[in-house]
Amino acid sequence: MKIFAKDTWAKLAIVLAILCLFAGMFKLLFEMKYQAVVAAKRSDLQIAASNLDLQLNFRLVALQMLATDSEIMSMDPESIERELVRAVKVMGFFNAVVFDTNGNFIAEGIPARHIGQVYDQQSFAKVLQGQSVISGRIISSDLNSAYISLRVPIENAEGEVIGVLVAGLPINKIDQFVEQKFTKEKDYIFVLDHNARFIKHPNLADIYPESEAYLKYKDLFFKSSSGEIFDVAIFDGVEKLYIYTTLEKAEWRIVSATSKKLLYSSVLQAMIPDVLLMLLLLVIIGLAYRIVYQTQRYKAERENMRVDRLATVSLIAAGLAHEIRNPLTAIKGFVQLMARKSDKPAQPAHLHIMLTEIERIERLTNEFRMLARPPRPPQYKQLDLVSIIQDVILLIERQAAEKGIKIQFQAEAAGQDQLFWPILVDAEHSPEGAFCVRGDEGQMKQVLLNLLRNAMEAIEVGGNIRITISKKEHHVIVAVKDTGTGISQEILDQIGTPFFTTKESGTGLGLSLCLSIIQQHGGKIEINSVSNVGTMISVFLPEASG
Ligand code: ADP
Ligand code: MG
């Protein structure tokens, strides 16, 4: 039997909604973290660019100061050479040379690395106009002799340019200026001159000389002075995120390259704490929902149990009045008789009848009180099911009789445990304590009353309700069989679902209450029914030794 089913869809919808919400939050979080990771990369690049700028600038300023030295300004080769030898030593230059304004060689610091001509005429021309500039990459023989040159004008007292002071800085020096933390394989920085030739790259030796295929990417980094390029694989077939910016003094680009894989994995790593927090939140929401839902359900159940109990009580109340009137009439008659013949002692037979009738009234009112009372915590004790069933029949037989329904109660004869078809005898004759279970008396009566009520309600007029009690495999079985409308297969599937009813004034709780009580008692309920023939509901309960 299904206990739930109705709200499964609602639950599924809620779970789906929460999942969607979670996915949405995840996406948002991913985007936020992605932005944060890229922003961190950009700021790292900016720091590297500033450092490089600082290093170059510092050397450029030193050269500018040197250019104002009187020995240099004299343009006398010998005095110039003396100064240049010193400068090269102090500042780690590749070589330092002075040219005149026509580009003719005047003097140099290291004759062994003789540089007799001007490379990069374009920047040379700028110096002649009084600017200090930094050239692109210059290679005289191979990468080991590759350098860039810092150029400052030499001016006379009138401010006219009379020569150019040029100092070469080996590109491996520049490599040292850029922070080391960028030299990882999947995450590094490279520097390009204005022709997109490499000045610094962690794999420069492998890349040099730059291939034609590479040079076609040149413009990528020169569209603007700074920017981002995504999804391009330039050298190694690995798609990367490139972030680039320009240096202050040189028309170079300093670029950070991060492989997509590394990028995403750092984004995911950054997300871990937040995702954990989200999961925790989800668990808390789930728990809160469960608590709220369960309290609501519990409240609804209690409320409906009350309604169901009231329905049972009012059914019995009407009959109860009749039930009490009859013995009262009898008692009244005897008392009147006694009052009239006050001189004679009362007859023992009359007194006996009066007592029996009074006891009957007592029992009836007791049963009624128990049902009308609100539920209390169950109290388990040894119960004799036969006497409990007899009590319940007492409560209901009046209404049954009014509808022309006969109630029959039979018990399996002792010692018949193994037989397939038990031999039944009138329950009155069954020995006391033959069918014992452990349970709560009030709940057990409630179950039987509900089953009997349903049986009576299923019979329109005139019929039979047969209650049998038997034993099988250490279980006591109480079966309530009626000759009512029966239950169609369609309805059978839904029976026991709380609030399922086919009756206009039904609560749909009787059977679910029975189910929950019997389950708590370690038993089960079976339903057999044939439409238009009748229904048999069997309650199985673990036997307690009498
Ligand atoms: P209610 O009696 O308030 O409708 P129940 O949970 O007691 O609620 O019963 C649920 C439904 O099961 C009933 O509405 C009826 O359709 C069906 N039912 C239960 N017992 C019987 C029976 N003995 N014969 C026919 N139908 C029954
Ligand atoms: Mg009912």
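Predicted model: local features only at pLDDT ≥ 70, side-chain atom pairs only at ≥ 80, totals over all residues.
Let's start with the ligand. How many residues surround ligand 1? There are 20 of them, and the closest are Thr501, Thr502, Lys503, Thr507 and Leu511. As for what kind of residues they are, the shell splits into seven nonpolar, 10 polar and three charged.

Now the polar contacts. Thr501, one of those closest residues, has a side-chain N or O atom 2.5 Å from an oxygen atom of ligand 1. Then there's Gly510, where a polar backbone atom is 3.3 Å from an oxygen of the ligand. And if you go to Thr535, a polar atom of its side chain lies 3.3 Å from a nitrogen atom of ligand 1.

So how much of the ligand does the protein bury? On its own, ligand 1 exposes 530 Å², and the protein buries 95% of that. Which elements give two or more residues to the shell? Those are helix H11, residues 441–458, and helix H13, residues 510–520. H11 gives the most, with four residues.

Okay, on to the rings. Searching the whole structure turns up 14 aromatic pairs. Let me pick one: Phe221 and Tyr242 pair edge-to-face, with 5.8 Å from centre to centre and 75° between the planes. The angle counts as edge-to-face because it is over 60 degrees.

Where do these two sit in the chain? Phe221 is in the loop between helix H7 (212–215) and strand E8 (227–232), while Tyr242 is in strand E9, residues 240–246. They're 21 residues apart, so this pair links distant parts of the chain.

Buried or exposed, then, for Phe221? Phe221 counts as buried, because its relative accessibility is 1%, under the 20% cut-off. Tyr242 is buried too, with a relative accessible area of 0%.

Ring pairs join Phe221 and Tyr242 with Tyr188, Phe190, Phe198, Tyr214 and Tyr244 in a cluster.

The charged end of Lys260 sits over the ring of Phe230, at 5.6 Å from the ring centre. Lys524 has its charged end over the ring of Phe540, and there the distance to the centre is 4.7 Å.

That's it from me, thanks.

How values were computed: Residues numbered from 1 in each chain as written. Chains lettered and ligands numbered in written order. Heavy atoms only, no water. Near = heavy atom within 4 Å. Polar contact = N/O pair within 3.5 Å; in protein donor to acceptor, adjacent residues only side chain to side chain. Areas by Shrake-Rupley, 256 points an atom, 1.4 Å probe, with all protein chains shown as cover. Nonpolar A, V, L, I, M, F, W, Y, C, P; charged D, E, K, R; others polar. Phe/Tyr/Trp six-rings, centres within 6.5 Å; stacked < 30°, edge-to-face > 60°. Buried < 20%, exposed > 50% of the residue type's maximum accessible area, 1.4 Å probe, protein only. Lys NZ or Arg CZ within 6 Å of the ring centre and 35° of its normal.
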